[in-house]
Amino acid sequence: MNRLINEVEPARRKTLAMPKEIIGHGTWFDKMAVEILERERSLGRSLNLIRTEMGITASGFPHVGSFGDAARSFAVTLALKAQKHNSELIAFSDDKDGLRKVPAGMPQSLKKYLGFPVSSIPDPYKCHKSYGKHMSSLLLEALDKCGIDYRFMSGYEAYKTGLFNKEIETILLNAERIGEIIKEEVGQEKFTEALPYFPVCSNCGRIYTTQAHNFLPKEDKILYSCKGMEIKGQWMEGCGHKDEADYTKGEGKLSWKAEFAARWKVLDIRFEAYGKDIADSVRVNDRICQEILDYTPPMHAKYEMFLDISGKRYSKSAGRIFSPQLWFRYGSPQSLLLLMLKRFVGARSLSVTDIPKYMNELDELEDIHFGKKEITDEKERAKLNGIYKYSWMLKPPARPSLHIPYNLLTYLAKVAPKDSETEFITAKLKEYGYKTERDSEDLERRIVYALNWAQDYIEIKETTTETTAKETTALREFIQTLQVEKGEDQIQGAIFNIARKHEIKPSRFFQIVYTILLGAPQGPRLGSYIIAMGKKNVTAALKKALAQG
RNA sequence: GGGCCCGUAGCUCAGCAAGGAUAGAGCACCGGGCUUUUAACCCGGGGGUCCCGGGUUCAAUUCCCGGCGGGCCCGCCA
């Protein structure tokens, strides 16, 4: 093959060396699907149903990171399906986990439930069966909104119904070796003594205060004592109770250091992505899965955490929650999916202020998808088009939508007069030549995003500005004129005339008026804006500014 | 102590997965157009040792190794 390339003239090399076939939709996910299939084939496992998995945290508010896990895993499932293999995503709720900390913004009354499994804590908002259910459903709502399809499983139910019984037994019987594996991989010695299982204390109801020290295989029982544990730098005191737990009845759960392995084997999981914060646990589980449970663990993909603008990680409990719901206030589900899917690796700073970028980028990708924008490189085109399709979870719309730059919409939203925002914006867009009658539903959604944005992030302040005596006189005259002039053009013209009459550069005079009305040195065409805003309001604002200046 | 990510235009970044021709975008800046200067929009312009050094290759911003600089994660639980 190499020789052949060398013999042809250089200009043709590319076409010969390049024509590697584009895999699937040309994205990372398609490549991953191929790798999974190759791996499964070489392992000789059945390809009838290839399962991917994600974990749902139920102990705190879901944030965009948890959402990303789901979006990426589901994209892999879709890629597998695109290659004609049956696949499904398991959404496994970690609702048997204990509450470690009361999340910021939640009632302090929850403190008494610290250490309790989140599925046995009442929902403080009273809309769900439990605290855990409330939290996990927030994420599930976001998934539904984005068209992410999954099979839901509850950890609490799984333990209760004995789904992991056999694996728990194997793990407990091999606890010593597991303790060594953990020590080898992460240097933690705790499990060389304690069993990798947390019983729920039959006396105080907490799960993280117990230590399991003996396993009685014949009776399916685990002996424990409720001695307390350090969680997130805080000592959680145990009640001192000693008892036995029956693991077949779900009277406890496996530690994460061994639970994934059990899940992978029982559910026959072939792919699971994970954030780098749990990389150690995954490594440990991979070994336990292979060496103890005799099941080759799923293929993995590791992704980075999201950072906020100051470089700190988005934390579920730090009160800086960037939730999917927050995103949907300013941007479409597809724009969030685009963020998650366009790149797999790499840390990313993320701020709400990035949303407009992704909204615009999605429009650009849509242009490529519908052939409105030319991309000469075939591979590049396939990839961008693929990302677009995955942003729609492979169900892209049949027709392109009406594209309006996000910043234009927020700009219009900012200056739109109260109570007639949509009308004002639509009228302006029409004036700029946009075909607003088309796709009015989509347009309305875009306007709502922009209005939310403007409301939350752009402060309109009527401000005063330093003016010279000449300028003050001019402003007074302008106020007078406003009482008389009726039309947009007349007002527009009057500004020029008054400025010239008082020997002020029109640009300076415009600046003054904009600053007073909008708090910014420029803005929309004033004649029409003043009409839209209402002459009374404008007059009042100008008078106020004069009085203060 | 262990591991990971990032370093591309003045700023923010894309491109890097499966290496390919003059390396892109937004913002900012400069010039022009849009019924007489302003927003939006459109057209044009300047601006880069793709962090440094090796290696692989016909070909490296892209892959590999080693530096330097910035940042993150884990080291209890999850």
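## A buried aspartate

Aspartate 363 is buried, with a relative accessible area of 9%. That counts as buried because the cut-off is under 20%. The model is a predicted one. Aspartate 363 belongs to helix 13, which covers residues 355-369.

Which residues does aspartate 363 touch, leaving aside those up to four places away in sequence? They are Ser401, His403, Ile404 and Arg446.

## Aromatic pairs

How many aromatic pairs does the structure hold? There are 13. One of them joins phenylalanine 29 and tyrosine 390.

Phenylalanine 29 sits in helix 3 (residues 28-43), and tyrosine 390 sits in helix 14 (residues 378-391). The pair therefore ties together parts that are 361 residues apart in sequence. Buried or exposed? Phenylalanine 29 is buried, at 2% relative accessibility. Tyrosine 390 is buried too, at 0%.

## An edge-to-face pair

Tyrosine 330 and tryptophan 453 form another aromatic pair. This one is edge-to-face, with 85 degrees between the planes. The distance is 5.5 Å centre to centre.

Where do the two residues lie? Tyrosine 330 is in helix 11 (residues 324-330). Tryptophan 453 is in helix 17 (residues 440-457). The pair links distant parts of the chain, 123 residues apart. Tyrosine 330 is buried, with a relative accessible area of 3%. Tryptophan 453 is buried at 9%.

## Arginines over rings

Rings also meet charges here. The charged end of arginine 45 sits over the ring of tyrosine 295. The distance to the ring centre is 4.6 Å.

Arginine 263 lies over the face of phenylalanine 92. Here the ring centre is 4.0 Å away.

## A hairpin

Strand 7 (residues 228-231) pairs with strand 8 (residues 234-237). The sense is antiparallel, and the pairing runs over four bridges. Glutamate 230 stands opposite tryptophan 235, a residue of strand 8.

The two strands form a hairpin with two residues between them. What phi does lysine 232 take in this hairpin? Lysine 232 has a positive phi, near 50 degrees.

## A partly exposed lysine

Lysine 160 lies in helix 6 (residues 155-160). At 46% relative accessibility, lysine 160 counts as partly exposed. The reason is that this value falls between the buried cut-off of 20% and the exposed cut-off of 50%.

Not counting residues up to four places away in sequence, lysine 160 touches Thr248, Lys249 and Gly250. Valine 513 is 353 residues from lysine 160 along the chain. The C-alpha atoms of lysine 160 and valine 513 are separated by 69 Å.

How values were computed. Residues are numbered from 1 along each chain as its sequence is written. Chains are lettered from A and ligands numbered from 1 in the order in which they are written. This is a predicted model: local features need pLDDT of at least 70, side-chain atom pairs count only at pLDDT 80 or more; totals for chains, interfaces and linings use all residues. Side-chain values use heavy atoms; hydrogens and water are left out. Rings of Phe, Tyr and Trp (its six-membered ring) pair if their centres lie within 6.5 Å; planes under 30 degrees apart count as stacked, over 60 as edge-to-face and the rest as tilted. Buried means under 20% relative accessible area, exposed over 50%, partly exposed in between (1.4 Å probe, protein chains only). A charge sits over a ring if NZ of Lys or CZ of Arg is within 6 Å of the ring centre and within 35 degrees of the ring normal. Contact means heavy atoms within 4.5 Å. Two strands pair if DSSP finds at least two bridges between them.
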